[in-house]
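Here is a short briefing on one protein chain. Look at the sequence and the model first, then read the points below.

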Amino acid sequence: MRIGLLTEGGYPYVNGDAVLWCDRLVRGLEQHEFDVYALSRSRSQQDEGFVPLPPQVGRVRTAPLWTAGDDGAAHGRRARRRFAECYGELVAAVCAAGVGTGGAEGAPDAASRDASDDHDQADRFGSALYGLAELARETGGLVGALRSDTAVRTLERACRAPHALRTAREARVPDLLAVAAHLERALRPLSLDWYGDDGLGAADLCHATAGGSAALAGLLARHFGDVPLLVTEYGVHLRSHYLTVGPDAAAPAVRALLGAFHGRLAAEVYRAAAILTPGNAHARRWQERCGADRDRIRTVYPGMAADRFTEVGEAPDRADPSTLVWVGRVEPAKDLVSLLHAFTEVRKEEPGARLRIVGAPADAEGAAYLGHCRALAAQLFPDEAEGAHAVGDNPVSFEEIGAPEAPALPDAYAAGAVVVLSSVVEGFPISLVEAMFCGRATVSTDVGAVVEVIGGTGLVVPPRNPRALAEACVALLRDPERRARLGAAARARALELFTVEQNIAAFHGIYLEIVSHCPVRRVVLDESGEPLPFATPAESHVPGRWTGPTARALPRGIPAWATDTPVRATPLAAEGAR
């Protein structure tokens with residue numbers, strides 16, 4: 001079959017989100033054809049180019065989210081009136097109510113809202129969204145209109161309406177301008193030319209690798225061509241938005257309006273998707289809270305390569321029995337400060353214990369946090385020496401992958417008897433799964449999907465509790481038999497649930513399930529332009545190469561007179577393989 005793979009800020013770009021996962025998925029499903037539709041987030045990402053693409057990737061179409069030139073669309077008076085009406089309905093649905101996610105400040109509590117009114121607002125939002133999409137298709141784009149004074153004035157009227165959110169009514173002009181600019185960027189897929197017969201309209205399935213703008217492109221393909229939509233969220237887009245646009249990042253009115261918009265968009269995506277595939281139960285709960293039907297949710301854990309950890313996992317004796325290891329990206333959410341304070345308690349009970357922190361910051365904030373942690377470690381643990389003539393040594397070390405002490409990632413995990421995760425915010429804990437592949441006992445904080453991943457094969461403590469973290473670490477350092485037992489169970493669990501092979505097999509089955517239940521029915525025309533009955537026999541859906549004449553397929557609902565020229569026959573192999 002032909003898959004339209006929709007990405008935002010990721011594959012096939014070298015630097016981006018979920019690049020490795022998408023690359024493994026595409027390479028693992030070599031029996032299918034993939035067309036990649038990628039939205040880039042920055043010029044630097046776009047300039048760095050693509051990762052090497054396998055032969056099953058037929059083509060790549062890209063569009064920038066970080067900039068947009070004037071689309072050159074000329075809107076007459078009737079088109080401007082339609083835009084004002086549709087955009088007015090869209091922002092009115094956004095301003096009228098939240099979506100019960102608890103993230104948008106000022107949104108009323110879901111338990112106290114009338115359910116039927118919320119449903120009406122969701123329908124209002126969806127109708128307005130598709131109305132804008134149809135207008136963009138007819139006129140050539142809406143970039144200019146979404147940036148216009150009309151858009152800002154329409155947004156202001158919606159915020160001043162009697163039943164608007166209280167926080168929205170307090171929006172000032174700078175707030176309105178910021179929200180309008182964000183909406184233009186989020187709605188940019190409306191103006192793309194991806195949805196015709198030469199694009200997503202020819203796909204058998206759209207697979208959005210994230211929510212937000214990538215999923216919006218899938219919504220439009222479903223609207224225009226009845227192409228079924230699969231949405232995968234390893235990190236819930238709505239949750240990421242709430243974490244990014246915090247109190248220090250935007251004014252209350254901006255946060256309330258953007259939270260309501262992304263909540264409405266997420267609800268529409270979850271309603272329209274044939275199947276949703278969250279990466280863990282934590283993401284699944286977010287989707288269900290936003291209105292997703294649990295019968296259409298399939299949890300698919302991220303697939304990770306286990307082979308590079310095999311040597312360490314099969315040789316647990318390589319570990320230093322008195323060493324704790326932390327591995328990850330250095331940032332405030334990892335709460336290394338609590339880990340360092342916990343280690344002071346560990347040293348009181350086990351004076352010979354050592355802590356190795358292996359990782360590097362990803363940005364300036366992370367670099368500043370790393371400097372703070374280094375200073376704290378130097379203060380808490382002055383350099384120690386075994387004798388009067390020996391050189392002092394700090395029991396806490398800060399290292400990076402590639403250094404002599406940890407030339408490769410498996411070496412970092414191999415160095416310690418216990419791997420520690422101290423995060424206060426976590427999605428799917430990749431470092432924890434890597435430690436499990438290595439057969440290491442773990443101590444983790446109860447955040448995100450940690451408990452789901454561990455499943456009883458490690459110790460879990462509350463976040464921001466250094467004493468509990470220290471007690472768990474000491475318990476494992478003092479009990480080598482328990483460490484070995486937990487490490488072996490953790491490795492067995494990881495090999496069963498979190499490998500690349502299980503991930504690819506799961507998506508292969510889901511693809512077949514969607515296509516079997518939601519096939520794209522296309523009108524096939526003969527050389528005279530008349531509908532051709534039985535043009536696509538059942539065997540054409542079986543993978544393989546088939547011979548014989550057929551005709552180009554048009555999306556359902558497009559009559560023969562809508563084409564400029566008759567559609568000619570093409571090899572059946574092209575249809576059969578898709």
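Trp21, Tyr234 and Phe507 form one aromatic cluster. This is a predicted model, where local features need pLDDT of at least 70 and side-chain atom pairs pLDDT 80 or more, while totals for chains, interfaces and linings use all residues. Residues are numbered from 1 along each chain as its sequence is written, and side-chain values use heavy atoms, without hydrogens or water.

**Rings**

- The structure holds 14 aromatic pairs. Rings of Phe, Tyr and Trp (its six-membered ring) pair if their centres lie within 6.5 Å. Planes under 30 degrees apart count as stacked, over 60 as edge-to-face, and the rest as tilted.
- Arginine 137 lies over the face of phenylalanine 224, at 4.3 Å from the ring centre. A charge counts as over a ring if NZ of Lys or CZ of Arg is within 6 Å of the ring centre and within 35 degrees of the ring normal.

**The chain as a whole**

- The chain has 22 helices and 16 strands. Helices (H or I, at least four residues) and strands (E, at least two) are DSSP runs, numbered from the N terminus.
- Of its 578 residues, 52% count as buried, meaning under 20% relative accessible area with a 1.4 Å probe, protein chains only.

**The sheet**

- Six strands form an open sheet, in the order E9-E8-E7-E10-E11-E12, with parallel pairing. Two strands pair if DSSP finds at least two bridges between them.
- The edge strands are E9 (396-399) and E12 (459-461), and each pairs on one side only.
- Strand E7 (residues 320-327) pairs with strand E10 (residues 416-421) over three bridges. Valine 325 stands opposite valine 419 in E10. Aspartate 320 has glycine 416 in E10 as its bridge partner.
- Five bridges join E7 to strand E8 (residues 354-358). Tryptophan 326 stands opposite isoleucine 357 in E8.
- From E7, the chain crosses through helix H14 (residues 336-349) to E8 in a right-handed β-α-β crossover. Right-handed means that, with the strands pointing away from the viewer, the path from the first strand over the helix to the second runs clockwise.

**Helices across the sheet**

- Helix H19 (residues 466-477) lies across E7, E10, E11 (441-445) and E12. H19 runs at about 175° to E11.
- Helix H20 (residues 480-497) lies across E7, E10, E11 and E12, running at about 80° to E11.
- Contact means heavy atoms within 4.5 Å. Axes are lines fitted to C-alpha atoms, for helices over the stretch in contact, and angles run from 0 to 180 degrees between N-to-C directions.

How values were computed: Buried means under 20% relative accessible area, exposed over 50%, partly exposed in between (1.4 Å probe, protein chains only).
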